Amino acid sequence: MMKAFGPLSRRRFLTASASLSIGTIAAPYVAHADDPTLRITGWGGKWGEVMKAEIGPAFESEFKCKLQTDSAFPYLPKLQASSRSAPIYDVLHTNSNEQWAAAEMGLVEPKIDPKLVPNLADVYPYAISDKIVGVSIFTSAIGLGMRTDKGYSGVTSWKELWDAKYNGVRGGYVIPVNSLGQAFLMMCGTLFGKGQTDLDAAYTALEKLKPIKIVDFTGAMEKMLLSGEVGMCVIHDSGIYRYDGQNQPTDFVSPSEGVLSLEQVLTITPGSKMKELANAYVNYMLRPEVQKRLAETVWYSPANKKVKLDAKYDAKLLTTPEKVSKLIQVDWKWYNERKDEIDQRVNRIFRA
Amino acid sequence: MQTTASSSLGAAQQTASVRAPGPARPYGRYIYLGINIAILVFLLAPIAIVVVFALNPTPFIQFPPVGVSLRWFEKFFASRDFMHALWFSLEVAVLTTVSATILGASAALALARGNLPGTRLIVATMLSPLMLPAILTGLALFQTYVLIDVGRPTWGLVAGHTLVTLPYVVRTTLAVLHNFDTRLEEAAQNLGASPLRTFFEVTLPLIKPGVLAGAIFAFIVSFDQFPVSLFLVSPGNETLPVTLFNYLKFDLDGTIGAASVVSIVLAFVVVIGLDRTVGLRSYVKL
């Protein structure tokens with residue numbers, strides 16, 4: 001007859017307790033050991049906080065995966081340096097100018113398959129236009145930011161930025177490193193020349209814009225506007241609206257000639273081994289409830305037409321076809337082909 | 001017979017011997033002090049600006065400050081991202097200091113004593129990371145790790161930091177070895193000490209100033225290292241400088257100043273701690 005388990009000695013009790021403790025600690029890791037990992041890029045700031053706290057965990061739970069987010073710039077050189085068959089990212093989230101550069105290098109797929117991302121059917125046309133690689137999940141509007149306590153009134157046009165009364169308080173960007181600055185340069189060609197590609201007109205306009213204070217990060221421009229160092233500047237709407245409720249004497253102006261779009265774009269890398277999950281992620285980020293949460297956190301205009309924002313966001317963001325029609329999309333493919341030449345020229349224009 | 005010159009000289013000496021000595025005019029000393037103060041102010045003024053920014057309650061840089069507030073320090077210490085980055089930076093800096101010190105001191109000893117062929121070339125190679133832009137070093141290491149398919153592990157980051165801090169340890173240790181009297185080692189060995197015992201009881205205590213100076217440099221350079229870390233940090237394991245850089249792309253408020261003040265205080269604590277434990281005064285001269 002087989003012996004039953006013997007009496008519980010102290011040694012057996014301690015061994016069993018240690019095993020149970022180790023098992024308890026290791027259980028989550030064991031349970032998720034086989035969970036696939038989707039490697040994406042993502043912004044920091046409030047976007048990163050909401051993604052980490054809510055959006056990301058919900059995606060992980062629904063799709064039984066791990067989301068690994070790289071928020072350390074620069075993304076494109078790292079993707080470029082990684083192997084094409086084993087890219088460092090599965091999904092690249094960045095602005096449109098970088099996405100075009102990535103597409104030209106074959107680092108990202110130029111289009112998203114609507115059969116694999118059904119929510120593409122509900123986005124505004126700009127989100128999947130021929131000016132976009134992948135899909136734009138949000139956009140900001142680039143226009144003019146101004147102080148409301150300096151007596152500036154009746155600002156309706158881009159051309160007012162050139163008014164001599166803003167000498168000394170005018171703000172712009174280091175064009176070679178900033179998307180808003182690059183988009184603004186193309187706008188100068190439209191305002192004073194034959195169109196976005198009229199670089200001669202753009203350069204002449206930039207010369208006349210001096211004196212101007214230039215910064216590399218949009219965050220720095222926001223602070224200069226808040227401190228009063230700048231009274232009128234090129235800025236995107238979310239850089240003004242995110243201070244809503246803080247009683248700041250700043251406002252955003254949508255110029256009559258139109259606002260430039262600053263798109264938040266997602267693309268999938270061709271060498272990704274997680275294509276199904278990557279497409280699921282893109283589709284997830286286009287869900288109305290996800291779009292609403294992020295839009296109301298960072299004041300981005302959602303790409304999904306079905307999103308219903310709360311009243312105060314709806315009033316200011318681009319949430320109707322009429323408002324969206326004011327968006328001017330930049331031809332980034334054209335710009336990137338000439339970037340070196342443009343950078344050299346603008347560096348000469350704004351040399352200290 | 002006295003000549004005119006000698007009589008004049010004698011008269012001058014007589015005059016000098018009876019003239020009472022006047023007060024010294026230390027103009028040279030004041031000028032020297034003034035130059036040193038100007039240099040110190042030039043070096044420390046940016047730190048003062050950072051402290052002002054960190055204590056200013058407004059969410060943007062403003063001078064003169066409108067008040068004193070600790071809100072940015074609260075935000076810094078309450079931020080999980082910043083706290084993780086701070087501890088991770090410390091962890092990497094300590095590991096880097098240990099590895100750079102052991103490798104650098106060993107290399108310096110081998111170079112000084114080993115009679116190796118091409119010593120100068122080897123020394124130049126070991127010091128070359130100081131001459132290369134660190135961002136290229138970071139990118140090259142990143143590509144290497146990708147090629148050997150190891151991802152971006154913490155040991156890879158420590159290796160990158162060790163690469164750019166090793167020259168400091170090598171250089172400072174070589175400096176003390178240059179003046180080292182090898183007869184002391186010979187005497188120890190003649191008296192029966194083994195090579196290992198000679199190294200730990202004779203050589204190491206005498207080269208400690210150079211090794212320690214190099215170790216301090218290695219710690220500070222690693223803690224503040226940015227360009228190499230930019231490519232080698234992995235998601236969720238970012239060093240403090242990288243986290244600060246990413247933060248200021250989206251938010252330029254006093255939290256940056258608070259983080260900087262904490263880094264400065266940390267550097268002070270390290271140096272003061274070393275002075276209290278090991279004693280740095282006698283190691284000021286190399």
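In this predicted model, the centres of domain 1 and domain 2 of chain B, taken over C-alpha atoms, are separated by 29 Å. The domain assignment places domain 1 of chain B at residues 25–69 and domain 2 of chain B at residues 79–283. Where these two domains touch, seven residues of domain 1 of chain B and seven residues of domain 2 of chain B take part in the contact. On the side that belongs to domain 1 of chain B, six of the residues are nonpolar and one is polar, while none is charged.

Turning to the two chains together, 20 residues of chain A are in contact with 21 residues of chain B. On the side of chain A, the elements that give two or more residues are β2 (66–70), α3 (75–81) and α7 (218–227), and α7(A) gives the most, with five residues. By class, this side of chain A has eight nonpolar, nine polar and three charged residues.

Finally, the largest nonpolar core has 151 residues, and those with the most contacts inside it include Val135(A), Val282(A) and Val169(B). Leaving aside neighbours within four places in sequence, Val135(A) is in contact with several residues, among them Ile112(A), Leu120(A), Val265(A) and Val282(A).

Technical notes: Residues are numbered from 1 along each chain as its sequence is written. Chains are lettered from A and ligands numbered from 1 in the order in which they are written. This is a predicted model: local features need pLDDT of at least 70, side-chain atom pairs count only at pLDDT 80 or more; totals for chains, interfaces and linings use all residues. A nonpolar core is a set of buried Ala, Val, Leu, Ile, Met, Phe, Trp, Tyr and Cys residues joined through C-beta atoms within 7 Å. A residue is buried if 20 or more other C-beta atoms lie within 10 Å of its own, exposed if 12 or fewer, and partly exposed in between; C-beta atoms are placed from the backbone. Domain bounds come from an automatic or database domain assignment. Ala, Val, Leu, Ile, Met, Phe, Trp, Tyr, Cys and Pro count as nonpolar, Asp, Glu, Lys and Arg as charged, and the others, Gly among them, as polar. Helices (H or I, at least four residues) and strands (E, at least two) are DSSP runs, numbered from the N terminus.
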